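Thank you all for coming; I would like to take a few minutes to walk through one model. Please have the sequence and the structure open while I talk.

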There are 2 protein chains.
Amino acid sequence: MYLHQVGHYLPQQVVDNEHFTKLNGLSDEWIVQRTGIQRRRKAAPAENSHTMGVEAVKALLDKIQIDKNDIDLIVGATYTAYDAIVTLGHAVQHFLEIPDIPVVTISSACSSLLNAVEIVQGYFAMGKARNALIVTSEHNTGYYNETDTVSGHLWGDGAAALLVSNARIAETDMTIREVITGGAATSGKATEAVVLRPNERGVIMPFGKDVFINACTYMPKVSLQVIEKHGLTVSDIDFVLPHQANLRISLNVMQTLGLPEEKLISNIQYLGNTGCAGCAIGLSEQWNRFETGQKIIVTVFGGGYSYGAMLLEK
Amino acid sequence: MYLHQVGHYLPQQVVDNEHFTKLNGLSDEWIVQRTGIQRRRKAAPAENSHTMGVEAVKALLDKIQIDKNDIDLIVGATYTAYDAIVTLGHAVQHFLEIPDIPVVTISSACSSLLNAVEIVQGYFAMGKARNALIVTSEHNTGYYNETDTVSGHLWGDGAAALLVSNARIAETDMTIREVITGGAATSGKATEAVVLRPNERGVIMPFGKDVFINACTYMPKVSLQVIEKHGLTVSDIDFVLPHQANLRISLNVMQTLGLPEEKLISNIQYLGNTGCAGCAIGLSEQWNRFETGQKIIVTVFGGGYSYGAMLLEK
């Protein structure tokens with residue numbers, strides 16, 4: 001299984017920490033110290049998780065070396081649905097004008113990227129697809145309460161699209177050597193730590209400490225599982241791209257793995273927590289940085305809880 | 001792939017058509033003539049798509065012949081999320097207390113049951129799961145506007161859970177001989193005919209006629225595709241269980257297939273449109289009716305649009 005290309009989209013508006021200082025008194029220093037976040041993007045009023053997803057697909061289409069009509073599976077991933085019936089996947093299919101291919105939209109909160117990759121892997125295993133489009137998109141500001149001093153300042157908007165293929169398309173493709181996902185709804189305060197109940201509005205994080213502890217436990221654990229399964233050691237890993245929830249979580253993951261900060265890929269400083277799109281945007285941003293033979297671990301953790309890790313090799 | 005057992009849950013409150021006559025003047029006769037719906041169930045204030053899903057799982061657990069700890073994959077399916085971060089799948093994993101198995105929640109609107117089956121089929125093909133739990137649950141009344149004279153009277157609540165296994169567990173298992181799904185977001189008014197935008201509240205169906213036309217086109221078409229793929233003819237089919245959207249759609253599907261009304265399985269008369277749970281509830285209700293060798297087509301169509309068909313053999 002190969003990752004052929006990634007494209008991403010970020011809304012134009014930049015919201016800096018001073019916005020929150022004015023709104024609810026949180027200082028730039030306080031926010032940066034606790035989260036690493038300096039600024040984030042915010043969708044325009046006419047934008048939503050569908051429009052951003054489509055923009056990410058447009059960015060991807062500019063890069064791919066196959067005809068868009070060779071796409072035979074679409075998996076959308078979002079917890080911030082613009083429409084729960086006409087889903088993100090449908091919106092993308094409509095835009096692409098490719099009829100009669102399987103389309104599904106999923107959510108395992110912030111870990112959905114890897115659930116999507118694993119679902120695609122299943123379609124490849126069945127021979128039911130060969131070129132899958134994964135679209136991750138989060139419109140957190142459509143659901144957040146920005147005056148919430150606990151988590152209002154954490155969220156950002158953005159989207160990314162990935163073309164995953166069963167056979168290598170180009171020399172520059174990355175090999176997806178492994179993906180493992182798991183639910184962890186039995187751990188800690190999984191069912192109440194981060195919630196988004198559309199009928200009650202607002203994504204909130206009443207138990208951030210529990211999220212922190214579990215994220216710092218599961219991401220290194222599943223990363224090691226993937227590394228060891230392939231007979232590698234941690235020192236073989238060139239980059240780690242963890243879910244972008246909090247810079248302190250990411251640094252903690254690196255420390256637990258025994259890897260230096262230089263190997264960490266992070267965009268939370270300027271994007272905030274962009275949900276399941278965070279790591280996908282990171283892959284898109286860093287695409288040209290990866291050199292042949294380099295190995296990258298993408299590891300995720302999401303509310304609910306869920307976790308996963310993927311081993312990529314350039 | 002085998003369907004080992006199905007369980008379902010329906011909330012207690014029954015809402016008859018007179019409720020709508022009082023509310024907005026729609027008569028029982030008018031509603032029955034256009035939709036076939038005589039009554040539907042409504043979740044209690046403390047219920048939601050999670051609690052109903054868990055109740056359906058409890059009903060399933062009473063029937064299965066494997067230990068619940070042998071479940072190694074959970075796929076939730078709903079478009080009426082109680083929580084989009086702590087998803088239906090997570091709620092079920094939490095209830096079952098089974099750690100570290102893949103958990104994902106999906107939506108392709110009313111067609112999600114078959115998308116879930118196909119995703120499970122993929123996990124089986126990869127060897128990543130052997131006993132999968134699919135949970136379909138819809139809390140339509142949590143999102144509808146009951147005074148809407150166009151679609152307020154259509155919706156009902158309910159849930160069903162299915163145990164799907166890679167190897168036969170019991171003599172009474174049904175063989176899943178085929179499942180095909182497809183997105184149809186390129187057809188008709190797919191992206192606007194039925195929508196549920198959580199930030200705008202309310203599931204609405206501004207283009208019911210377009211839904212009718214496309215449902216009546218796609219369900220027979222994909223059913224025939226499945227039937228012919230297995231060298232069967234329509235006369236080999238003992239029962240057809242179409243998505244429960246409208247009795248007129250179901251009858252039209254039977255007519256197009258050239259099958260008599262007696263072969264139609266329908267619960268919309270007393271449950272209304274229970275979204276992606278409708279067919280699953282139907283399988284649970286009719287479970288003991290099926291005899292060895294009988295063949296059942298389950299065919300779905302959902303907003304967005306999406307479609308699918310599954311061939312079951314007892």
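This is a predicted model: local features need pLDDT of at least 70, side-chain atom pairs count only at pLDDT 80 or more; totals for chains, interfaces and linings use all residues.

**Strands across the interface**

Let me begin where the two chains meet: strand S5(A) is joined by three bridges to strand S5 of chain B, residues 103-107, and the two run antiparallel. Within that pairing, A:Ser107 stands opposite B:Thr105 in S5(B).

How are the two chains related? Chain A is superposed on chain B by a rotation of 180° with 0.0 Å of shift along the axis, at an RMSD of 0.0 Å, and that is the relation of a two-fold axis. The contact itself involves 53 residues of chain A and 53 residues of chain B. On the chain A side, at least two residues each are supplied by helix H4 (88-96), strand S5 (103-107), helix H5 (112-126), strand S8 (174-183) and strand S9 (195-196), and H5(A) gives the most, with eight residues. By residue type, that side of chain A divides into 27 nonpolar, 21 polar and five charged residues. Since 100% of the interface residues of chain A are also interface residues in chain B, the copies meet through the same surface.

Let me turn now to helix H4(A), where eight of the nine residues are buried, so that the helix is largely enclosed by the rest of the structure. Which residues of H4(A) are buried? They are A:Leu88, A:Gly89, A:His90, A:Ala91, A:Val92, A:Gln93, A:His94 and A:Phe95. What covers them includes helix H3 (49-61), strand S4 (73-77), S5 and strand S6 (131-139) of chain A, together with strand S8 (174-183) of chain B. Just after H4(A), A:Glu97 takes a positive phi of about 55°.

As for the nonpolar core, the largest one holds 222 residues, of which A:Val75, A:Val120, A:Ile134, B:Val75, B:Val120 and B:Ile134 touch the most other members. If we take A:Ile134 and leave aside its neighbours within four places in sequence, the residues in contact with it are A:Val75, A:Ala77, A:Ala116, A:Val117, A:Val120, A:Ala161, A:Leu162 and A:Val164.

Next, the domains: the assignment for chain A gives domain 1 as 2-165 and domain 2 as 174-313, and their centres, taken over C-alpha atoms, are separated by 16 Å. Here 45 residues of domain 1 of chain A are in contact with 43 residues of domain 2 of chain A. The elements giving two or more residues to the domain 1 side are strand S1 (2-9), strand S3 (39-42), H5, S6 and strand S7 (157-165) of chain A, with the largest share, seven residues, coming from H5(A). That side divides into 19 nonpolar, 19 polar and seven charged residues.

I will finish with A:Arg168, which has its place in the loop between S7 and S8 of chain A. A:Arg168 is partly exposed, with 13 other C-beta atoms within 10 Å. Not counting residues up to four places away in sequence, A:Arg168 touches A:Tyr2 and A:Asp173; the C-alpha atoms of A:Arg168 and A:Tyr2, although 166 residues apart along the chain, are separated by 6.0 Å.

Methods:
Residues are numbered from 1 along each chain as its sequence is written. Chains are lettered from A and ligands numbered from 1 in the order in which they are written. Copies are superposed by least squares on the C-alpha atoms of residues with pLDDT of at least 70 in both. Two residues are in contact if their C-beta atoms, placed from the backbone, lie within 7 Å. Helices (H or I, at least four residues) and strands (E, at least two) are DSSP runs, numbered from the N terminus. Ala, Val, Leu, Ile, Met, Phe, Trp, Tyr, Cys and Pro count as nonpolar, Asp, Glu, Lys and Arg as charged, and the others, Gly among them, as polar. Two strands pair if DSSP finds at least two bridges between them. A residue is buried if 20 or more other C-beta atoms lie within 10 Å of its own, exposed if 12 or fewer, and partly exposed in between; C-beta atoms are placed from the backbone. A nonpolar core is a set of buried Ala, Val, Leu, Ile, Met, Phe, Trp, Tyr and Cys residues joined through C-beta atoms within 7 Å. Domain bounds come from an automatic or database domain assignment.
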